[in-house]
Amino acid sequence: MIHTVTPEMHQFLHELPKCEHHVHLEGTLGPELLFPLAARNNIQLPDHFPKTVDDLQYKYDNFKDLQDFLDLYYVGMSVLITEDDFFELAWAYFRKAHADGLHHAETFFDPQGHLERGIDMETVVKGFRKACDKAEAELGITTKLIMCLLRHLPAQDGLDTIALAKPYYEQGLIHGLGLDSSEKPFPPELFKECYEHMAKHHPEVLLTAHAGEEGGPDYIHNSLDLLKVTRIDHGVNSIKDPQLIKRLADNQTMLSLCPMSNLKLRVVQDIAELPIKEWIEAGVPFSINSDDPAYFGGYILDNYLAVQSKFGLDVPTWKLIAQNGVKGSHISQSRKDELLQRIEEVCSKYIF
Ligand code: ADE
Ligand code: ZN
């Protein structure tokens, strides 16, 4: 069933102060920047890579599954070479998300995808940080950077990457550790040592992991038990385990849901299949996110609208979702209070 999104509801969702907890900065690289960067940096894309914006867009519209997307995603990011490239990419994202009503962003990046191409950590972090600082100063968006480990690479590679990133964690320039890439053959337990190391040496750092996108509820349990994460990225398959749902609700563990991604990567056949109503009923907090917006056809507001068109939620329910997003954010209590106040103000205009 399709619910009509009225102009008033559209306006409300636009104005509603939003937090994003699941966006890969490399996943904001669309064809319109990818080809110019390839030309500027003299990058020869592989023969099998689409040659035109339209052909590339066609690929984006027809992913078979997560791996099919990742194969293109890793080639795509090979056009990012200089600090300016990383800055330009992230700054374009912040501007778009700001126009969508974003107030706080916790953004992922994949250093191993750059290190293995000979780009150093300093170039990547400096470029992304410059964009974060500009977004804070000029757009009023609070930002966090979360370094993800690629789970298709060995845990030792992850430990080496953590060692390389140490100065940036110490200076408060990177704030979290995540785990992404091909889920199915690479379960969370492989990365226990990486997470233990981080918890021991940088206890203030946010720990999160992709789990339950293609993997089952055991991926989520094991991420919580062994990696000691406080958030789960995706978590769609949590719904298959009632005990897990209770656990997530009891501990108020937030899931970072990515509706358009789940549709494009065929985790679900229809956004209406996502267990949003069940999570709300059970008291499981979740936020709504764009994941890789350039690849999946929508930024944060598009994802809110996609949920609205399938679920027809009311203003109090959206208020709860926005509040849970703030509560689950890795920010100070004073910033949380500020955002919660703004949510009150916006919702009071729409709840009669
Ligand atoms: N890297 C970028 N997007 C991802 C996703 N949705 N799942 C796993 N790894 C990713
Ligand atoms: Zn993701």
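Predicted model: local features only at pLDDT ≥ 70, side-chain atom pairs only at ≥ 80, totals over all residues.
At roughly what angle do the axes of helix α1 and helix α15 cross? The answer is in point 2.

1. **Helix pair α1 and α15.** Helix α1 covers residues 7-15, and helix α15 covers residues 300-311. Their axes come within 10 Å and cross at roughly 140 degrees. Angles over 145 degrees would count as roughly antiparallel. The pair is therefore classed as oblique. The crossing of α1 and α15 is right-handed.

2. **What makes that contact.** On the α1 side, the residues are Met-9, His-10, Leu-13 and His-14. On the α15 side, they are Leu-301, Tyr-304, Leu-305 and Gln-308. By class, five residues of the α1 and α15 contact are nonpolar and three are polar. No charged residue takes part in this contact.

3. **The sheet.** Eight strands form an open sheet. Their order is β1-β2-β3-β4-β5-β6-β7-β8, and the pairing is parallel. β1 and β8 (286-288) stand at the edges. Each has a single partner strand, so one side of each lacks a neighbour in the sheet. Neighbouring strands are turned by 25 degrees against each other on average, direction ignored.

4. **Thr-107 in β2.** Thr-107 lies in strand β2. Its relative accessibility is 0%, so Thr-107 counts as buried; the cut-off is under 20%. Which residues does Thr-107 contact, leaving aside neighbours within four places in sequence? They are Val-23, Leu-25, Tyr-93, Phe-94, Lys-144, Leu-145 and Ile-146. Met-147 is 40 residues away along the chain from Thr-107, with 8.5 Å between the two C-alpha atoms.

5. **Strands β3 and β4, with helix α8.** Strand β3 (residues 142-150) and strand β4 (residues 176-180) run parallel and are joined by five bridges. Leu-150 stands opposite Asp-180 in β4. Helix α8 (residues 155-170) packs on the sheet and touches both β3 and β4. The direction of α8 makes about 160 degrees with that of β3.

6. **Thr-161 in α8.** Thr-161 is found in helix α8. Its relative accessible area is 2%, so Thr-161 is buried. Not counting residues up to four places away in sequence, Thr-161 touches Pro-111, Gln-112, Leu-115, Met-121, Met-147 and Leu-149. Two of these contacts, Met-147 and Leu-149, fall within the 142-150 span of β3.

7. **His-234 in β6.** Where is His-234 placed? It sits in strand β6 (residues 231-234). With 0% relative accessibility, His-234 counts as buried. Ile-220 lies 14 residues from His-234 along the chain, and their C-alpha atoms are separated by 9.7 Å.

Conventions
Residues numbered from 1 in each chain as written. Chains lettered and ligands numbered in written order. Heavy atoms only, no water. Axes fitted to C-alpha atoms, helices over the stretch in contact; angles between N-to-C directions. Helix = DSSP H or I, 4+ residues; strand = E, 2+ residues; numbered from the N terminus. Parallel < 35°, antiparallel > 145°, perpendicular 65-115°, else oblique. Left-handed = near helix turned anticlockwise from the far one by under 90°. Contact = heavy atoms within 4.5 Å. Nonpolar A, V, L, I, M, F, W, Y, C, P; charged D, E, K, R; others polar. Buried < 20%, exposed > 50% of the residue type's maximum accessible area, 1.4 Å probe, protein only. Pairing = 2+ DSSP bridges.
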